[in-house]
Amino acid sequence: MLEVDTVQRQRMTEPDADGYFGDFGGRFVPEPLIGACQEVEAAFRDAWSDNEFRQEFLDVLTHYVGRPSPMTECVNLGAELGLRLFLKREDLNHTGSHKINNVIGQALLAKRMGKTHLIAETGAGQHGVATATAAALMGMECTVYMGEVDMKRQALNVFRMGLLGAKVIPALSGSRTLKDAVNEAMRAWVSEVEHTHYCIGTVMGPHPYPWMVRSFHEIIGCESQRQMMALLGRQPDVAVACVGGGSNAAGLFAGFADHEEVRLVGVEPAGGAAIGRGIPAIVHGMKAHFMQDEVGQVLEAESISAGLDYPGVGPEHSFLSDIGRAEYHPVTDERVLVAFRKLARTEGIIPALESAHAIAWVMDNAAELAGKNVVVNLSGRGDKDVQQVQEMLEAAQNGDES
């Protein structure tokens with residue numbers, strides 16, 4: 001059974017009193033939501049300092065989710081690349097991704113607060129499925145907001161959410177993707193705050209959400225740190241994770257941030273590289289890096305992966321980049337597809353398109369990483385993406401033939 005983690009860290013601790021990690025974070029919300037955010041912060045501080053709450057959280061992760069998730073060495077692909085490659089298998093969690101860690105924590109918190117309804121935004125649908133799952137488990141109502149474009153390319157997850165009892169509402173404005181789903185969820189929260197908890201799915205939004213979501217995901221990094229010590233007798237050289245909003249990366253990085261010898265690498269989609277291409281802005285209740293045009297309008301992100309189709313990044317990632325503790329690099333959709341197929345064919349593991357970004361970066365930088373021990377957070381399984389990838393590959397093949 002998992003135990004309450006009491007490790008004290010120097011880095012990736014809680015933000016300051018105003019919710020800032022350095023220059024990033026804060027709480028920028030309409031007046032009706034200030035009290036709601038303060039209520040969530042007070043409830044989280046009280047719960048997270050209560051060993052009984054934390055043990056209940058860990059017990060659910062053990063007996064329901066299936067933690068600890070394994071650390072799998074990719075012997076075949078690692079040998080081909082000239083390095084040792086380890087995968088933190090969040091794809092093997094119940095519901096198929098890392099998202100369930102945070103959702104279980106927030107659902108337990110919501111019940112502790114007396115809330116009866118969970119609302120959530122979702123991109124690829126994994127957070128929506130996890131929220132619907134937790135709501136079903138705990139006897140709560142659930143509404144999920146999802147961009148209309150994402151609903152079409154992730155139809156399987158839309159069906160799964162409905163099967164679990166959730167109501168899925170399409171976001172029809174803007175690009176009809178994740179950014180717009182967040183807008184709709186926040187608008188709904190304003191009118192339903194008395195009985196509703198907004199279960200944000202990544203390390204974004206107004207304080208305390210970036211800190212709280214990362215705290216629920218720290219278990220990824222803490223397990224990884226212990227598993228690598230058991231496997232190697234030392235820490236890895238590099239820890240890699242994909243980054244959209246950045247919750248799976250924040251969870252992984254939290255386990256290694258105090259280990260200066262471990263290089264932390266976040267991998268962004270080339271069409272949505274908020275840190276690589278963005279500048280600080282205040283959007284969705286926080287100050288962080290966002291892609292913007294010359295007059296400050298937020299640009300639309302473009303990614304093969306619905307879960308990374310977001311023009312910004314969580315404020316703690318902006319901070320980690322700012323102080324030089326983590327680095328962030330883009331990969332193209334084309335390289336992601338190559339990595340998606342490569343991992344399947346060499347290891348028998350089909351990754352989520354999100355996770356395939358991290359694999360793609362390792363493949364593209366294999367010469368630099370030669371002889372290193374590399375941990376990749378495999379944040380989700382690719383079942384949800386198989387039809388989309390099949391259609392893309394068939395379209396490309398038909399294009400070549402013509």
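**Labels and their grounds**

Author: Proline 208 has its place in the loop between S8 and H9. Helices (H or I, at least four residues) and strands (E, at least two) are DSSP runs, numbered from the N terminus. A cis peptide bond joins histidine 207 and proline 208, with omega about 20 degrees. The model is predicted: local features need pLDDT of at least 70, side-chain atom pairs count only at pLDDT 80 or more, and totals for chains, interfaces and linings use all residues. Residues are numbered from 1 along each chain as its sequence is written, and side-chain values use heavy atoms, with hydrogens and water left out.

Reader: Which peptide bond has an omega of about 0 degrees?

Author: The cis bond that joins arginine 67 and proline 68. Proline 68 lies in the loop between H2 and strand S3 (71-73).

Reader: Why is the pair of phenylalanine 57 and phenylalanine 216 called tilted?

Author: Start with the rule. Rings of Phe, Tyr and Trp (its six-membered ring) pair if their centres lie within 6.5 Å; planes under 30 degrees apart count as stacked, over 60 as edge-to-face and the rest as tilted. The count by this rule comes to ten aromatic pairs. The rings of phenylalanine 57 and phenylalanine 216 have centres 5.2 Å apart and planes at 55 degrees, so the pair is tilted.

Reader: What parts does this pair tie together?

Author: Phenylalanine 57 lies in helix H2 (residues 51-65) and phenylalanine 216 in helix H9 (residues 209-232), so the pair ties together parts 159 residues apart in sequence. Both phenylalanine 57 and phenylalanine 216 are buried. Phe44, Trp48, Phe57, Trp211 and Phe216 form one aromatic cluster.

Reader: What lies over the face of tryptophan 48?

Author: Arginine 54, at 4.1 Å from the ring centre. The rule asks for NZ of Lys or CZ of Arg within 6 Å of the ring centre and within 35 degrees of the ring normal.

Reader: Why does threonine 95 count as buried?

Author: Buried means under 20% relative accessible area, exposed over 50%, partly exposed in between (1.4 Å probe, protein chains only). Threonine 95 is at 6%, so it counts as buried. Threonine 95 is not a glycine, yet has a positive phi of about 85 degrees. Its loop runs between strand S4 (84-89) and helix H4 (99-112).

Reader: Is histidine 284 buried or exposed?

Author: Histidine 284 is at 9% relative accessibility, so it counts as buried. Its phi is positive, about 50 degrees, although histidine 284 is not a glycine.

Reader: How many cavities of 30 Å³ or more does the search find?

Author: Two, over the whole structure. On a 1 Å grid over the protein atoms alone, a cavity is a set of points where a 1.4 Å probe fits but cannot get out; lining residues have an atom within 4 Å of a point. A volume is the space filled by probe spheres set on the points.

Reader: Which residues lie nearest the centre of the largest cavity?

Author: His98, Lys99, Gly307, Leu308 and Glu354, out of 30 lining residues.

Reader: What gives the most to the lining of the second largest cavity?

Author: H1, with three residues. Helix H1 (31-48) and strand S8 (196-198) each supply at least two. Among the lining residues are Ala36, Trp189 and His197.

Terms used
1 Å grid on protein atoms, 1.4 Å probe; cavity = no way out; pocket = protein on both sides within 12 Å on 5 of 7 lines; lining within 4 Å.
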